[in-house]
Amino acid sequence: MTKNKDRIKYLLTQYATGKASEKEVNEFFRWIGKPENDEDLSRFLTTMLESTEPDKNYDKAKWEGMIQQIMISSGNNTKTAKYKDRKVKPLKWFRTTAAVFVAVLLAISTYWFVSQQTGKTEIADISVRYKNDVSPGTNKAILTFGDRSTVLLDDVEEGLLKKQGNVEVIKLGNGKVSYKSNTQAPAQVMFNTIKTPKGGQYEVVLPDGSQVWLNATSSLKFPTSFTGKQREVTLIGEAYFEVAKNPQKPFIVHVAFPESTQRNDAIIEVLGTHFNVMAYANEKTINTTLLEGSVQVAASNGKSVKINPGEQAQLRPNNTIAVVPDDGQATAWKDGFFLFKSVDIHTIMRQVSRWYDVDVTYEAQPTADKFTGSISRSANLSQLLQILELSEVHFKIEGRMLTVMP
């Protein structure tokens, strides 16, 4: 471990036992938030777990603190508290880049959960309810060319996919497709569409060099060459954009919905910036979250607002636009994890449905409790559900049907 291992051990112990001051909590979070510390942290937790005998006078508060590894409480006291005393229910926190760390923290949460039950009946019940476990989504999408031919991007090998005029469409590694012009002459413009299914995500590099990450059940329509005065694309669903700077040619995102949803479209205009657009038909608002640069969001009635980095514009169905601070939830998916901050079970289940390709049904009126926490999108569905079950909600997986139970 690094030379400050004693300090980190102290901070982790303080946090796990609920004794950390606000300053110590912030220091600990800054350290674990750096990817280069993943290996040290996972090694330390592994050693800690292997050397601990929780059934022999082990401090229960410490285990509870580990279960609530990160409580994102927006100014509230971050110290450990009994679950029943919290209005915001805890979720387990997983790093996205350290597989060992994920396993260690899951083992801790599983121990706590099992130790609180009346016997082996509950364990067997979980094994039955989760016997049809579901794997997480992957890099997969369908690309439709200008001549209406299609290709399944997850099935084809890397290399040249197609030539469209003087534009080459190339599949790169790591779930990415790129458009490159092989001459300086004006290109023959064709429109392509990349579409992700449930349980899919994909990255595309547009002809101008802009990068777009598509979340599940999303599509992006774009030209093979931006020849006009503007660079225009059309989005359905959710995408994260890193737009190549070109002050002379604004980048326009048209947000569209199927006619059956009776939702109003929106227009987002940028020059060069990093931002996320969430515009699913089953979500209440169109959310544009800005990380870098400047963005103007316009409603279909002409009302518009300009937002700054660290802000989110929420366009409501009545065409009003609210600007709120960015709390990090919007872009967590692009970085490989779910992040929830005081959200209800319906909000969580909508994301679960899209990423794990499951249909969600409710056996009874679900809990009104709010949930806070995060988990890696690389975790199996059962891992996420077992953690949610710590907060007195239960689930059953049957094929591609997920049932939420009291």
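Which residue takes a positive phi in the hairpin of strand 17 and strand 18? Gly302 does, with a phi near 95°, and the hairpin has four residues between the strands. This is a predicted model, in which local features need pLDDT of at least 70, side-chain atom pairs count only at pLDDT 80 or more, and totals for chains, interfaces and linings use all residues. Residues are numbered from 1 along each chain as its sequence is written, and side-chain values use heavy atoms, with hydrogens and water left out.

**The chain**
- The chain contains eight helices and 25 strands, taken as DSSP runs numbered from the N terminus (helices: H or I, at least four residues; strands: E, at least two).
- Of its 406 residues, 47% are buried, that is, under 20% relative accessible area with a 1.4 Å probe, protein chains only.

**Strands 17 and 18**
- Strand 17 (residues 295–299) pairs with strand 18 in the antiparallel sense over four bridges; pairing requires that DSSP find at least two bridges between the strands.
- Val295 has Ile307 of strand 18 as its bridge partner.

**Ser218**
- Ser218 is found in the loop between strand 10 (211–214) and strand 11 (219–223).
- Ser218 counts as buried because its relative accessibility is 2%.
- A polar atom of the Ser218 side chain lies 3.0 Å from the backbone oxygen of Ala216 and one lies 2.8 Å from the backbone nitrogen of Glu238.

Definitions and conventions:
Buried means under 20% relative accessible area, exposed over 50%, partly exposed in between (1.4 Å probe, protein chains only). A polar contact is a pair of N or O atoms within 3.5 Å; within protein, one must be able to donate a hydrogen and the other to accept it, and residues adjacent in sequence count only if both atoms are side-chain atoms.
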